Amino acid sequence: MIDLNDKRLQQFGYLGLRARQVVEGFITGLHKSPFHGFSVEFSEHRAYNPGESIRHIDWKLFGKTEKLFVKRYEEETNLRCRLIVDGSASMLFPNIKSRPEEMQSKYQFAVFLSAVFMYLFRLQRDAVGLSIVTDKLEEHSNAKSTFIHHQVLMNILQNHLSTLPEKEAAQSVLIPNMHQIAERIHKRSMVIIMTDLFDVNHNAKDVLNALQHFKHNGHEVILFHILDRQWEEHFNYDNRPYRFIDLEDKSTIKVRPAEIRDLYQKKFAELTHDIKEQCPKYGVDYVEADIQDGLEKTLLGFFAKRAVKTGRS
Amino acid sequence: MAIHFTDAEFEKEVLQSDIPVIVDFWAEWCGPCRQIGPIIEELGQEYEGKVKVGKLDVDHNPGVAGQFGIRNIPTILFFKNGEVVDKQVGAVPKRMLEEKLKNLL
């Protein structure tokens, strides 16, 4: 007997439901999939040549018109998608409980975003794999397209959300794990990375090298740079003393925000500038995602841009 | 708006045309042809005056279809100065046709 009051069931339902709501809310309003297709597509009729196999004859057509034509299929690249979620300590920022769940922290935003992509790929019967990176490759599943596999992945995401409060925040070692994933997954996958780009040994060159590794192996790469612009980019704190804690290495510093705002903003801009500039050159789709914008706004911008890029309306 | 070519007018409308022409060889019963049909209509509107875009029903116009050895439908032939300069067989996304079309101009 299913206990409908079970909190986990309710939450699992919510994640799935929210993903569905987002997808059905506007993405299905796009005429065609923003991603290239899956399985095989019937692309043309060819006149039947006597002597060849009759297996592919379009018998329905023969029944209606007495014409013998063979159905030909164009196998589009089977879309395999790899979702990579940065599950490190810095992603737990800003942890504002008064906000809707998906906007409370960068991590929650990334999880909900992953759920939306998963739901979308499930509708398209595409294969999806999930990797969650902390100080190690915490989660890494193969890409499959079965319904059960999608459910399992959704469950994994939900478990990560449910255990968030007691989560032992880990330092991010994103770059080596990205290289590892690039080697482990099928060639020519679509790789969607969701990260705040705060790595313990972070520098733009290493990130770009890792992205290039994916490209080199024939993957299409989409980088969602997840941030809370109000706090992380604009440094919009009141002018009173604050104690800032580095979520990655736990070091603390007491400071008046106004005193360091200009310097902070300059350093933050430097940090992201190279990646923003270089991604298009490497053929990586860079998407800045402010968690306060919410899922719909972020995805609407992304899909609109993608529709233009792929020539699909 | 895509023009409907026929066996009778093909020589005049396509082969003697001053501007490039693309011809979609199709049939009513063919699913992929119906899929590509709206794209052809759109291209007809977008390139009006620059390229003549039209369709030819292979069932009703077997002469031209035979002349160009059309065995697969949809087949799209790209004509310039009365000669076939490019060909696309099967239903493809609009951008692929546009790329070929731009090469004609």
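In chain A, six strands line up as an open sheet in the order E5-E4-E3-E6-E7-E10, and their pairing is mixed. Keep in mind as you look around that this is a predicted model. Strands of a sheet pair through backbone hydrogen bonds, either parallel or antiparallel.

Which strands stand at the edges of this sheet? They are E5 (137-140) and E10 (285-290) of chain A; each has a single partner strand, so one side of each is left without a neighbour in the sheet. From one strand to the next, the twist averages 15 degrees.

Let's look at the E10 end. Strand E7 of chain A, residues 220-227, runs parallel to E10(A), and six bridges join the two. One residue pair to find here is A:Leu223 with its bridge partner in E10(A), A:Tyr286.

A helix also packs on the sheet: H5 of chain A, residues 174-184. Helix H5(A) touches strand E3 (80-86), strand E4 (127-133), E5 and strand E6 (190-195) of chain A. The direction of H5(A) makes about 30 degrees with that of E5(A).

Now for chain B. Its elements, read from the N terminus on, follow the pattern β-α-β-α-β-α-β-β-β-α, with four helices and six strands in the chain. Here are some overall values for chain B.

| Property of chain B | Value |
|---|---|
| Buried share of the 105 residues | 52% |
| Accessible surface | about 5,000 Å² |
| Part of that surface belonging to carbon and sulfur atoms | 48% |

Notes: Residues numbered from 1 in each chain as written. Chains lettered and ligands numbered in written order. Predicted model: local features only at pLDDT ≥ 70, side-chain atom pairs only at ≥ 80, totals over all residues. Heavy atoms only, no water. Buried < 20%, exposed > 50% of the residue type's maximum accessible area, 1.4 Å probe, protein only. Areas by Shrake-Rupley, 256 points an atom, 1.4 Å probe, with all protein chains shown as cover. Pairing = 2+ DSSP bridges. Axes fitted to C-alpha atoms, helices over the stretch in contact; angles between N-to-C directions. Contact = heavy atoms within 4.5 Å.
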